[in-house]
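Consider how the parts of this protein chain are arranged and which side chains join them. The sequence and structure come next.

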Amino acid sequence: MEAILVINPGSTSTKTAVYADHQLIAEETIRHSVQDISGFKNVISQTEFRYEIIKEFIDKLDIAEKLVAVVGRGGLLKPIPGGTYRVGEAMLEDLRTEKYNTHASNLGAILANKFSEALGIPAFIVDPVVVDEMQALSRISGLNGIERRSVCHALNQKAVSRKVAEELGKTYETTSVIVAHLGGGISIGAHKNGKMIDVINGLDGEGPYTPERSGTLPLIEFAEVLILENMTIGDVKKRIAGNAGLKSYLGETDIREIEKRMNQGDTEAKYYLDGMCYQVAKSIGELAVVLKGKVDAVILTGGVIYSQYVLAKISEFTDWIAPIKSFPGEMEMEALSDGALRVIKGEEKALNYEEVRL
């Protein structure tokens, strides 16, 4: 058995798994308490702590000798095209110095590299959030000096696109799909012939409001708030990402709780949940225009799509565009393993981070 170790660090958890030829062998999600994490000065200083936890997982399985590769979640790097990247010094330097910002996912490649060195196997990352394949026209913002950028759930978006392409008897490289990933944040991508040619970037305040983000706001009114409250950039980020969306309207981000309130007759809960679905559908329609109406499928994914109500509501507005395919949750671990496996099997060539230019 040739196995692949998968590492996906989050802010309060470390997910790890072992796959062999698309089959899950074992997985574990290690939760980290506030006390565990608060003792470290920053994300990077958690490397050894998380390494030892993953090593215990491998030792329990007694599988180290069967591992042929290790793959980590890609972190905040420079904008790069999608694909599987070999972990190298330039990438590690950018992550260790937090050149492009800090996030727990930055540990993915760093931890993969430690196991690579310890076990003598190659280390990879796959489709990080900074994947940028946007076409030239999609970059224009409308104000000189500001350019739209691609930040999204690229790993899961591309993974579910590949699944749907397979269902349709096609390949990712020959399909045109729209993918909406609905979680605490929402990102929506237009995928054409193996590339995300346009992205509605929820991280930067684009598109629909979400359980905790504002989405696009009326600019003049928001500018007045900035001036009146003398807000810093940090204040703005907290206001539009974390304290906005459904949380600002209903004081709640859990869709299950909001549905419970709705079912008990709370008309306000229904109104704002419907509003989010309406705005997601509008954004999907916008990307249908980008694809000139030639859409093989509309794919709805992410944790929010466990809600049958949300799934039905968005479908009601968009099923005229193309068949709706739903993938509740995310398939990040499987997607990471599959990306590494494509390289191991010679189906794809591993890319070099330091050599890639947009």
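The model is predicted. Its protein chain is divided into domain 1, made of 3–132 and 333–352, and domain 2, which covers 154–329. Between the C-alpha centres of domain 1 and domain 2 the distance is 27 Å. To the contact, domain 1 contributes 11 residues and domain 2 contributes seven residues.

About 750 Å² is buried between domain 1 and domain 2, and carbon and sulfur atoms give 62% of this area. On the side of domain 1, D127, V131 and A335 supply 47% of the area buried against domain 2, more than any other three residues.

Charged side chains also take part in this contact: two salt bridges are counted between domain 1 and domain 2. In the pair E334 and K163, the closest N and O atoms of the salt bridge are 3.0 Å apart. Helix α12, residues 332–344, gives the most to the side of domain 1 that touches domain 2, with four residues. By type, the residues on that side of domain 1 are five nonpolar, one polar and five charged.

Helix α11 spans residues 308–318, and its buried residues are V310, L311, K313, I314, S315 and T318. How does such a spacing relate to the turn of a helix? An α-helix has 3.6 residues a turn, so residues three or four places apart point the same way. The cover over the buried residues of α11 includes the strands β7 (176–182), β10 (297–302) and β11 (324–328), together with the helices α9 (255–263) and α10 (267–290).

Helix α10 holds Q279 and also S283. Are these residues buried or exposed? Q279 counts as partly exposed because its relative accessibility is 26%, whereas S283 counts as buried at 5%. Apart from neighbours within four places in sequence, Q279 is in contact with G207, P208 and Y209. A polar atom of the Q279 side chain lies 3.0 Å from the backbone nitrogen of Y209. The C-alpha atoms of Q279 and T210 are separated by 9.3 Å, although the two residues are 69 residues apart along the chain.

Across the whole structure, a search finds 23 salt bridges. One of them joins the side chains of R162 and E348, at 3.5 Å from N to O. R162 lies in helix α5 (residues 154–167) and E348 in the loop between α12 and β12 (351–352), so this pair ties together parts that are 186 residues apart in sequence. R162 is partly exposed at 24% relative accessibility, and E348 is partly exposed at 23%. Salt bridges link R162, E173, R342 and E348 in a network.

K270 and D274 are four residues apart in helix α10, about one turn of the helix, and their side chains meet in a salt bridge at 2.6 Å, N to O. K270 is partly exposed, with a relative accessible area of 36%, while D274 is buried at 16%. The side chains of D254 and R256 meet in a salt bridge at 3.0 Å, N to O. D254 is partly exposed with a relative accessible area of 22%, and R256 counts as exposed at 64% relative accessibility.

Technical notes:
Residues are numbered from 1 along each chain as its sequence is written. This is a predicted model: local features need pLDDT of at least 70, side-chain atom pairs count only at pLDDT 80 or more; totals for chains, interfaces and linings use all residues. Side-chain values use heavy atoms; hydrogens and water are left out. Domain bounds come from an automatic or database domain assignment. Contact means heavy atoms within 4.5 Å. Buried area is the accessible area (1.4 Å probe) that two parts lose on being put together, summed over both. A salt bridge is a side-chain nitrogen of Lys or Arg within 4 Å of a carboxyl oxygen of Asp or Glu. Helices (H or I, at least four residues) and strands (E, at least two) are DSSP runs, numbered from the N terminus. Ala, Val, Leu, Ile, Met, Phe, Trp, Tyr, Cys and Pro count as nonpolar, Asp, Glu, Lys and Arg as charged, and the others, Gly among them, as polar. Buried means under 20% relative accessible area, exposed over 50%, partly exposed in between (1.4 Å probe, protein chains only). A polar contact is a pair of N or O atoms within 3.5 Å; within protein, one must be able to donate a hydrogen and the other to accept it, and residues adjacent in sequence count only if both atoms are side-chain atoms.
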